[in-house]
Amino acid sequence: MRFVKIRENSRDIRDMLLTIIVPVYNEEGTVEELHRRLLAVLREEQEPFEIIFVNDCSTDATFERLKRLRPITVLSFARNCGDSVALDAGIEAARGETIVFLDADLQDAPEDIPLLLRKLREGYDAALGWRVRSTLAAPAGTLAALGLIGCAYGMWGLPVESFGLACAVLSLL
């Protein structure tokens with residue numbers, strides 16, 4: 001995994017609430033497995049957490065499967081709005097001081113979250129990680145998340161040196 005250092009901070013993120021935001025659209029085949037793996041990783045980290053799935057008006061059984069999972073917060077749209085709006089809704093609902101953005105398709109391993117959190121503990125404001133599979137840039141599916149994170153950093157006046165991620169962690173304090 002590669003990491004991008006945006007700027008260094010001196011905050012200690014241990015014992016801060018961690019929020020996981022997962023936008024979903026027609027992911028009935030992966031949400032239960034993702035939730036199970038997230039719980040295993042987060043319980044091992046032994047930090048307080050919340051998991052927010054944002055259902056972007058799925059037309060399959062995604063919403064029904066999400067309703068059975070615990071612990072979880074589910075936001076569900078009445079119409080399809082896209083990744084950026086789903087991520088924004090998740091951020092608005094988040095109570096955590098640290099936010100992890102993760103896709104629901106299991107192409108990004110929840111088991112990588114501790115690696116990203118470790119970077120925050122080292123003093124980074126954000127850890128944007130992506131798997132090195134080739135010399136190509138990040139997959140097109142991550143561009144919405146990158147844009148949202150880039151806009152957030154633009155609003156806060158923080159420089160962003162590079163983009164490309166499979167999973168992102170952002171410290172809001």
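A nonpolar core is a set of buried Ala, Val, Leu, Ile, Met, Phe, Trp, Tyr and Cys residues joined through side-chain atoms within 4.5 Å. Buried means under 20% relative accessible area with a 1.4 Å probe, counting protein chains only. This is a predicted model, in which local features need pLDDT of at least 70, side-chain atom pairs count only at pLDDT 80 or more, and totals for chains, interfaces and linings use all residues. Residues are numbered from 1 along each chain as its sequence is written, and side-chain values use heavy atoms, leaving out hydrogens and water.

**Overall fold**
- The protein has five helices and six strands, taken as DSSP runs (helices H or I, at least four residues; strands E, at least two) numbered from the N terminus.
- Along the sequence they follow the pattern β-α-β-α-β-α-β-α-β-α-β.
- Of the 173 residues, 49% count as buried.

**Nonpolar cores**
- The largest nonpolar core has 22 residues.
- I20, V22, L38, F53 and I113 have the most contacts inside it.
- β1, α1, β2, β4 and α4 each give two or more residues to this core.
- Helix α1 gives the most, with six residues.
- Another core, of ten residues, lies apart from it and includes L87 and I99.
- I20 touches L38, L42, E50, I51, I52, V100 and I113 (heavy atoms within 4.5 Å), not counting residues up to four places away in sequence.

**Helix α1**
- Helix α1 covers residues 31-45.
- Its buried residues are V31, L34, H35, R37, L38, L39, V41 and L42.
- These pack against β1, β2, α2, β4 and α4.
- Q46 follows α1 and has a positive phi, near 55°.

Methods. The expected span of a helix is 1.5 Å times one less than its number of residues. Buried means under 20% relative accessible area, exposed over 50%, partly exposed in between (1.4 Å probe, protein chains only).
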